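User: I am new to this structure. Please take a close look at a single part for me.

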Amino acid sequence: MEMTEPITWTCTGCALLCEDIQVHIKDNKVEKVEHACLKGKARVYGCKHTAISTVDQAEVDINSAISQAAEILEKAKNPLLYGWSNSTSEAQVAGIELAQTLGACIDSTSSFCQGITINEIMNGSIPSCTLEEVREKADVVIYWGADPMSSHPRHLSKYSYFPRGELRQRGYEEDRTAICIDVTQSRTAKICKAMFFSIPPGGDAEFMRALMDGLAGRVPKLSYDFDVKRILELAAVLKKAEFGVIFAGLGLVYSIKEEFDLILEFMSTLNRFSNFSLIPMAGHFNMRGFNHNLHEKTGFIHRVRFTKNGPVSGVEYSVVEQLKHGADAVLVVGSDPLASLPLSIARRLKDIPLILVDPCANLTTRVADVTIPCGASGIEVGGTAVRLDGKKMDISPIVQGDGLSDEMVVRRIMEEVS
Amino acid sequence: MALDVGKFIKAPEYDIKIITHRDVFQASACEEDRFGDECQEMSALIVLDAAEMKRMGIQDRANVRLTSNWGSVVVRARASPREEQKGMGFMVNSPWVNTLVSDETTDGIPAFKDIEAKITISKNGITGIQELLLL
Ligand code: SF4
């Protein structure tokens, strides 16, 4: 078979946004994908069941669905606009403008994911760096409560462990040390071999304090069974690092979220002896973009309500609290809350008017009052996105879609409400 | 006719802490088809320490019911190929495990990685995606 010339594409399968994927297109269809991981390939080939325009679960034309969505949102006293992590920055900005027009709450999946970490990085409390710096300079990398081999499959091969880098010409064999701290021996932990530290669930804060003791030359104390000698050895490795990076996963974030300042204290203790940065393992391709875009507009990264006196932020405006007792209508863009939120919370979506904008039919479409299909970001729709380390990236469409982009859908709704 | 006593004996229940995680194979299968068999097979699954399973009388690939204060689902139990910490079960992020997660939060972040549940052998079939919607 004659092969078409490949085009270079930035993958939107996860927030690593690999920009070196080769895609062969023939007759506006993806023929072959090279360099992408399994997750990236699944993203390129798209979903089997695409969404269709519906109102009350009956098929309608897209204009009627958009009008119905506008009517629902206009009537609502306390609408919530949620999702956004699978949308381009341009769609996110449109969403923020719609929230402002409606006096609505707006929140993203970062609310119960890496938002807390991204906030501290954006306000300068936690030092961070780019993935290119990691590739060129890092000699010690820690995957803490993170399993990139499962969540961001090309992380280790493209940036953090396997490649040669400017200062790391001997690569992983001699120049890099990979450490994993987790509750189970994940795929990433297996690669870290003897540098895998198995801790009990919720044991991260204690482990962090023990490491700080080790760094300061004190004997670490732990309430759970752990070989103190190993902690001292680890502290010695961290002290010697020339360019260290912690990849913070949700295992770490969830475990210490109630005493999150401990990470700040840990980083500053570490940096008295060494040179460490932290990068949050954001999952969805543009989760971080939402935080940046909302911050630019409001000074807050998520959980915002637009009031007459300007935007306010707080836990009461989080998607979880709003779904429990607040929102009286919800617009979801590029997310499947019925699948990704606790059912005890998402169940309420069945009781309030629900609008879903998504390329695919998902669990939430089954209960949505209005469904509006849109082009898949990064496949049929281009724009910009922010990688997990905060770098702004261009993303281009690879095939021509025949529908509206999510940005256009949001803007059409806005035209009808204002 | 002999009386099937086993029918009236309730299968023992054990406490378990469930931790969620991600898996590239499941994520890809569900991205392609959230309603497909492959997505269900890879999602409606709990991985346990093999010795713990033996202690609880749960065979590899047996159906188990997981029940928390928030919901109940039947999933397949699999033995971990390595030794795991005791009293723990691992489930990949999916609507099945989300059925068990508490709605109580003080900070807007549900306890996805700290789910207290009971596990017991089940004669029922695995909870289907359509059934989850009705819960
Ligand atoms: S690692 Fe992420 S961005 Fe890279 S190819 Fe895989 S899914 Fe796409």
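In which loop of chain A is A:Lys257 found?

Analyst: This is a predicted model, where local features need pLDDT of at least 70, side-chain atom pairs count only at pLDDT 80 or more, and totals for chains, interfaces and linings use all residues. Residues are numbered from 1 along each chain as its sequence is written, chains are lettered from A and ligands numbered from 1 in the order in which they are written, and side-chain values use heavy atoms, with hydrogens and water left out.

A:Lys257 lies in the loop between α12 (250-256) and α13 (261-273) of chain A. Helices here are DSSP runs of H or I with at least four residues, strands are runs of E with at least two, and both are numbered from the N terminus. A:Lys257 counts as buried, because its relative accessibility is 15%. Buried means under 20% relative accessible area, exposed over 50%, and partly exposed in between, with a 1.4 Å probe and protein chains only. Leaving aside neighbours within four places in sequence, A:Lys257 is in contact with A:Ile116, B:Asp107 and B:Ile109. Contact means heavy atoms within 4.5 Å.

A search of the whole structure finds 11 aromatic pairs over all chains. The rings of A:Tyr254 and B:Phe112 have centres 6.2 Å apart and planes at 25 degrees, so this pair is stacked. The pair crosses between chains: A:Tyr254 is in helix α12 of chain A, and B:Phe112 is in the loop between α4 (95-98) and β6 (115-121) of chain B. Rings of Phe, Tyr and Trp (its six-membered ring) pair if their centres lie within 6.5 Å; planes under 30 degrees apart count as stacked, over 60 as edge-to-face and the rest as tilted. A:Tyr254 is buried at 12% relative accessibility. B:Phe112 is buried too, at 4%.
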